[in-house]
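Biologist: Hi, could you walk me through this one? I'd like to go piece by piece.

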Amino acid sequence: LITGDTGTGKELVAETIHHLSQRRYKPLVKLNCAAIPEGLLESELFGHEKGAFTGAISKRAGKFEMADQGTIFLDEIGDMSLSTQAKVLRVLEQKEVERLGGSTVKVDVRVIAATNQDLSQAMKEKRFREDLYFRLSGFPIHLPPLRQRKEDIPLLIEHFIHEANQRLGKDVQGVSSDAMKILMQHQWPGNVRELRNIVERAVALAEGRIITADIIAFCLKKSGQGLEPGILQVHSSLRETVEEVERQLILNALKRSGGVQTEAAQILGITEKNLWKKIKKHGIDVRKIRNNSG
């Protein structure tokens with residue numbers, strides 16, 4: 001059972017457990033229990049037979065069957081109804097699932113569950129079953145917020161840069177020392193998820209192999225978080241040149257997209273209308289960029 005605030009990296013921990021285990025060559029099946037309507041959740045988990053309910057036009061395996069010999073990751077399990085909790089408990093105890101419509105199938109599955117809720121309080125309020133909690137919490141892992149484990153930030157940055165390089169076809173090698181200072185001093189209210197988004201955007205905007213403080217500051221500003229007051233004092237020159245930084249980032253995005261404003265807006269994470277206004281504000285000649293790209 002993995003607990004922790006939203007965005008602390010619970011899914012990342014679940015993936016790591018699976019990929020470092022003897023089940024790593026078998027399926028890792030994920031399900032966000034909060035994202036599926038209660039009426040459909042049981043079918044998703046346990047599967048159904050043809051004709052089990054209106055719309056069940058064929059037999060379908062559930063997530064537990066799909067994860068046989070592997071791992072199932074049940075995210076946001078605190079949002080699961082009591083009736084569904086009882087059926088999940090039965091799977092854990094009997095090692096079999098009962099499809100909607102009758103048939104029973106044996107399964108061998110490692111279950112990893114995660115929640116950002118206080119399950120102790122949920123049990124007091126009779127919203128979560130004690131017997132299921134004690135079955136799931138045989139090996140509990142609590143993830144503190146990122147601001148309480150900042151020693152993890154450099155390793156996470158390295159990992160996310162590698163991921164972003166693969167997705168974006170870039171060759172970014174790291175961040176500058178000034179950029180790292182900004183990242184280490186930020187409080188990360190969005191936790192690991194926020195860090196991942198910032199790093200991915202920074203990799204997309206980076207022209208060279210090193211992400212600079214200018215780009216990190218721009219990405220934090222764009223995310224709505226901004227810089228910590230102390231950092232603003234250290235980087236006062238950055239604040240004074242923010243307009244030039246913005247202009248350069250827009251130019252970089254336009255060059256990468258060959259002057260196609262729709263693609264440039266996606267790279268920058270802003271709307272095309274907003275990009276058009278900024279192009280006009282900075283007096284950027286898009287036609288010239290297109291001609292040079294051609």
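Biologist: Before that, what kind of model is it, and how are residues numbered?

Modeller: This is a predicted model, where local features need pLDDT of at least 70 and side-chain atom pairs count only at pLDDT 80 or more, while totals for chains, interfaces and linings use all residues. Residues are numbered from 1 along each chain as its sequence is written, and side-chain values use heavy atoms, with hydrogens and water left out.

Biologist: Thanks. How many helices and strands does the protein have?

Modeller: There are 16 helices and nine strands. Helices (H or I, at least four residues) and strands (E, at least two) are DSSP runs, numbered from the N terminus.

Biologist: And what share of the residues is buried?

Modeller: 45% of the 294 residues count as buried. Buried means under 20% relative accessible area, exposed over 50%, and partly exposed in between (1.4 Å probe, protein chains only). As for contacts (heavy atoms within 4.5 Å), residues 24 or more positions apart account for 71% of those with a separation of 6 or more.

Biologist: On to the sheet. In what order do the five strands come?

Modeller: The order is S2-S3-S6-S1-S7, in an open sheet with parallel pairing. Two strands pair if DSSP finds at least two bridges between them. At the edges are S2 (28-32) and S7 (141-143), each pairing on one side only. From one strand to the next, the twist averages 15°.

Biologist: What packs on the sheet?

Modeller: Helix H1 (residues 10-19) does, touching S1, S2, S3 (71-75), S6 (110-115) and S7. The direction of H1 makes about 165° with that of S6. Axes here are lines fitted to C-alpha atoms, for helices over the stretch in contact, and angles run from 0 to 180 degrees between N-to-C directions.

Biologist: New topic. How many salt bridges does a search of the whole structure find?

Modeller: It finds 13. A salt bridge is a side-chain nitrogen of Lys or Arg within 4 Å of a carboxyl oxygen of Asp or Glu. Take Glu42 and Lys87, whose side chains meet at 2.6 Å, N to O. That pair links distant parts of the chain, with Glu42 in helix H2 (residues 38-46) and Lys87 in helix H4 (residues 82-94), 45 residues apart.

Biologist: Is Glu42 buried or exposed?

Modeller: Glu42 counts as buried, because its relative accessibility is 15%. Lys87 has a relative accessible area of 37%, so Lys87 is partly exposed.

Biologist: Which residues are linked in a network of salt bridges?

Modeller: Glu11, Glu15 and Lys30 are linked that way.

Biologist: Last one: at what angle do H14 and H15 pack?

Modeller: About 100°, with the axes of H14 (residues 261-268) and H15 (residues 272-282) 9 Å apart. The two helices are therefore roughly perpendicular, a label for angles of 65 to 115 degrees, while under 35 counts as roughly parallel, over 145 as roughly antiparallel and the rest as oblique.

Biologist: Which residues meet there?

Modeller: Gln261, Thr262, Ala264, Ala265 and Leu268 in H14 meet Glu272, Leu275, Trp276 and Ile279 in H15.
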